[in-house]
Each structure stands twice: as C-alpha cells, then as structure tokens.
Amino acid sequence: MNHTLHTTIMNHTFIPATGRKILSDVQLIELFIALLVFIVIHSLRQRRQNGLPMWPFVGMLPSLVLGLRVDMYEWISRILCRQNGTFVFKGPWFTNLNCIVTSDPRNVEHLLKTRFQAYPKGPYFRHALRDLLGDGIFNADDEIWQKQRKTASIEFHSSKFRNMTTESLLELVHRRLLPVLQESADQFTEIDLQDILLRLTFDNVCMIAFGVDPGCLRPGLPDIPFAKAFEAATEATILRFVTPTLVWKIMRHFNIGPEKKLKDSIKGVDSFADDVIRTRKKEVCLMSDDDKKQRSDLLTIFMGLKDEQGRPFSDKFLRDICVNFILAGRDTSSVALSWFFWLLDRNPTVEEKILCEICRIVKEREDVGETENLIFRPEEVKKMEYLHAALSESLRLYPSVPVDHKEMKFAAASILYRYKVMVMENHLVAPKLALTMYMKHGLKVKLCKRSESDLQKYHNIKY
C-alpha cells in the first residue's frame with residue numbers, strides 16, 4: 001500500500017504556480033515568434049507575385065520608406081522590370097495610398113490617348129495639388145480642363161503667340177544666358193548649369209504667362225523670392241503623394257513639418273501673382289482696344305474672356321492658370337537640358353556628331369560671321385535632326401514630361417556651338433523626388449570656350 005502510494009506520488013511532477021506561469025509565458029513567446037516568422041515569410045513571398053512585400057496593416061509602406069532613402073526612380077524601375085512593366089502599390093489599411101504604377105507603353109497610350117476621357121485625375125490627385133495648382137489645367141477635369149486647354153491651344157498656335165515666344169527666347173539666350181556663361185568661361189569657374197537653365201526658363205515662362213520679367217537670369221544670379229517660393233512649394237507638394245492623406249492633413253491642421261513649408265511657400269507664390277494681376281488690371285483699364293490686342297501673354301488673354309455666366313474670371317482663377325503654366329514651362333525644358341548635357345559629357349562621340357551637324361548647317365550660310373554673334377534661324381534649328389534625336393533619347397532615359405523640342409534645340413545648339421561643357425569630376429548626379437526629375441545636387445560644370453580652329457575641325461569631319 002505504501003509502495004503504491006509512493007509510486008503514484010513519484011509519477012506526478014509537482015510544479016509550483018510560479019513555474020506554471022513561466023512555462024505559460026515561454027509558450028506565448030514561442031507562439032508569438034512562430035506567428036512572426038510565418039508573417040515575415042508570407043509577406044516576403046508576396047514580393048514575387050506583387051513586386052513588394054505585403055505586410056499586415058502597413059501594406060507596402062515599409063518598402064516605400066526604404067525606397068525614398070535611395071534613388072526613388074531606379075527603385076521603381078527595378079520593380080517594374082520584375083513585374084513586366086506594371087504593379088499595384090498597396091498602402092496601409094484604411095488609407096488611400098494605393099495606386100497602379102505602369103511603364104508599359106500600351107497602358108500609357110491607353111490612359112493618355114485612346115481612353116483619355118475615361119481616366120480623369122480624380123479627387124485624390126486634385127485634392128493633393130489643390131493648394132498649389134488650384135483649378136488650373138494640370139489639376140482640372142471635365143469642362144474646366146477642356147475650356148482651359150481649348151483656349152490655350154488656340155493661343156499657342158497663333159502667329160502672335162509664336163512670335164512672342166521666339167522673341168522672348170532669343171532675347172534671353174543671347175542677352176542673358178550667353179553673357180553669364182561667357183563670364184564663367186573667362187574665369188574658368190564652376191557653375192551649376194541646372195540652376196542657370198532653371199533661371200532661363202523661369203524668366204521665359206513668366207514673360208509668357210504673366211507678361212512680366214522676374215529677372216532671375218542676370219549677372220550675379222540674384223535670389224528671386226517668387227522663384228524660391230515656387231520651387232519650395234513644388235517640393236513640399238510632391239510629399240503628399242507618398243504620405244497617407246490623414247497624416248498630411250493632420251500636419252496641415254497643426255501647421256507642422258512639410259505642410260508648414262508648403263503653406264509659407266504658397267504665400268510667396270500668391271503674393272507675387274496677386275501683385276501682377278492687380279497691376280495688370282490697372283494697365284488693361286488704361287489700354288486702348290488695339291493695345292490690348294497687341295498683348296499676347298496668357299494673363300491678359302484670359303482677362304479678356306468670360307466664364308459660363310458671362311462674368312470675368314476671378315483673380316483666383318487667373319492665378320491658378322498662370323501658376324500651372326509656369327510649372328509646365330519652367331521645370332520641364334531646363335531639367336531635360338540638364339540631363340542632356342550630363343549625358344553628352346559621358347558620350348563624347350555623340351557630342352562630336354552634334355557639333356558636326358551644327359557646323360555643316362552653319363557652313364551653308366552665305367555670311368557665317370563671328371561665333372559670338374551667330375544666331376540660329378528657325379529653319380536651321382529645324383534641320384538639326386541628330387540633335388533632335390539626342391534630346392529625345394535623353395528624355396527617354398530621364399523623362400521630365402513632354403517639352404517643346406524647338407526651344408530646347410535652340411538653347412542647346414547655342415551653348416554647344418560656343419562652349420565645351422565639362423561636368424566636374426566626382427560630382428554626384430542623382431534625380432530628386434519632385435514633380436519633375438530635377439538633379440538632386442544640381443549639375444556642377446566648367447565651360448571652355450570653343451575657338452574658331454576648334455570649330456573648323458568639325459566642318460571637315462563627315463559621318
């Protein structure tokens with residue numbers, strides 16, 4: 001009996017309450033680790049199917065955060081290559097940070113051409129850009145977009161408008177750009193070519209949109225508050241597209257972070273635009289009908305139009321129109337030219353072929369004249385087919401957005417014919433996260449003046 005009792009007691013291990021709790025905690029930890037490992041493995045396996053790991057609650061946001069810390073465009077390009085040109089980005093649960101990313105030409109043609117009317121920008125896009133772009137053409141849909149596009153298209157194709165843009169560009173390139181570049185070449189000092197080109201196109205588009213000259217491209221390269229405010233506003237706006245809507249709305253409400261920068265920058269943009277509109281209205285009141293017809297800037301043109309109710313457009317609407325066209329014209333051409341000159345520095349054979357083409361066209365003139373005073377004629381620029389192809393290839397590799405090749409060719413040829421553009425050694429070139437593909441650190445270059453003998457050898461090379 002005692003032996004049986006002893007055996008029974010020995011066969012049952014006595015575990016104190018504290019020990020049972022520790023064992024229970026260990027089991028919970030093991031269960032948690034097993035669950036975590038399962039989630040990690042499952043999420044990482046989603047990468048093969050979806051392009052990026054898909055995590056519970058946060059979706060693909062961790063990958064996006066990591067992508068923002070490197071070259072965002074290269075990061076997206078690698079994902080697109082793995083996914084045959086298209087993938088779906090899914091943000092955190094209960095947010096609208098979801099989108100389809102595509103580089104497939106068939107999809108792009110379908111979206112932007114074949115079924116363009118079926119794909120409006122939508123409330124998410126418009127709301128994110130409304131503070132900066134308002135109801136301008138790049139943030140409008142339906143009838144508002146159609147009316148602005150129709151009016152702008154008519155004016156852009158008018159001989160008066162084309163003459164104004166040609167004269168404006170000619171003035172800016174030969175009276176401002178080339179003297180600034182010559183000063184740098186004489187001193188053989190380093191300059192930021194992207195900054196110079198941004199100043200050129202900013203002055204040009206302000207003259208076209210507002211009919212005023214802000215004077216960014218002048219000796220000494222003065223700081224222009226409107227230009228700085230405009231650039232800061234575009235940088236802050238793009239962050240809304242990689243931030244959950246609820247987050248940036250909270251920051252806007254409390255006026256903190258990038259939203260504070262955006263608000264302050266937009267005040268600078270609005271202040272300039274309001275002053276110009278107010279001044280222009282006073283000028284228009286004092287103009288005769290003939291004088292009004294002579295003005296071909298967009299602001300004056302839209303001031304003479306009426307809305308659906310037959311009333312003049314509001315100052316806010318006029319501001320939105322002009323700011324949108326400044327965004328379109330200022331960044332695209334200058335950024336495209338910056339990448340173009342960087343690529344030329346890496347591909348000297350292409351530069352040589354372009355110069356041979358330019359010199360051949362110049363040689364056809366009856367009166368060549370001196371290099372410093374040479375102004376390319378429209379029919380000559382049209383003949384520069386290899387230059388056109390090189391610019392198109394640089395746009396394919398580093399697309400800003402569609403730009404006017406004629407203006408780009410004129411500026412590029414005018415610079416190349418006079419100067420050898422040399423990118424500084426070890427200068428870091430990387431794209432910047434913005435509405436257009438800026439160079440993050442600018443384009444630091446030195447310029448070397450081409451002599452007549454330098455150009456003469458290109459006259460004799462045949463390709």
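These legends describe close-up views of a predicted model, with a focus on where domain 2 and domain 3 touch.

**View 1. The protein is divided into three stretches, named domain 1, domain 2 and domain 3.** Domain 1 covers residues 17-117. Domain 2 runs over 147-341, and domain 3 over 419-457. The C-alpha centres of domain 2 and domain 3 lie 24 Å apart.

**View 2. Domain 2 and domain 3 bury area between them.** On the domain 2 side, 25 residues are in contact with domain 3. Domain 3 brings 22 residues to this contact. The buried area is about 2,300 Å². Carbon and sulfur atoms give 68% of that area. Within domain 2, the residues that lose the most area to domain 3 are F188, E190 and W339. Together, these three account for 25% of what the domain 2 side buries.

**View 3. A salt bridge joins the side chains of E235 and K432.** The N to O distance is 2.5 Å. Across the interface of domain 2 and domain 3, one salt bridge is found. Polar contacts occur across this interface too, in seven residue pairs.

**View 4. Helices and a strand build the side of domain 2 that touches domain 3.** The helices α8 (159-187), α9 (193-209), α10 (225-238) and α15 (315-346) each supply at least two residues. The strand β3 (191-192) also supplies at least two. The most comes from α15, with eight residues. By type, this side of domain 2 has 13 nonpolar residues, six polar and six charged.

Conventions. Residues are numbered from 1 along each chain as its sequence is written. This is a predicted model: local features need pLDDT of at least 70, side-chain atom pairs count only at pLDDT 80 or more; totals for chains, interfaces and linings use all residues. Side-chain values use heavy atoms; hydrogens and water are left out. Domain bounds come from an automatic or database domain assignment. Contact means heavy atoms within 4.5 Å. Buried area is the accessible area (1.4 Å probe) that two parts lose on being put together, summed over both. A salt bridge is a side-chain nitrogen of Lys or Arg within 4 Å of a carboxyl oxygen of Asp or Glu. A polar contact is a pair of N or O atoms within 3.5 Å; within protein, one must be able to donate a hydrogen and the other to accept it, and residues adjacent in sequence count only if both atoms are side-chain atoms. Helices (H or I, at least four residues) and strands (E, at least two) are DSSP runs, numbered from the N terminus. Ala, Val, Leu, Ile, Met, Phe, Trp, Tyr, Cys and Pro count as nonpolar, Asp, Glu, Lys and Arg as charged, and the others, Gly among them, as polar.
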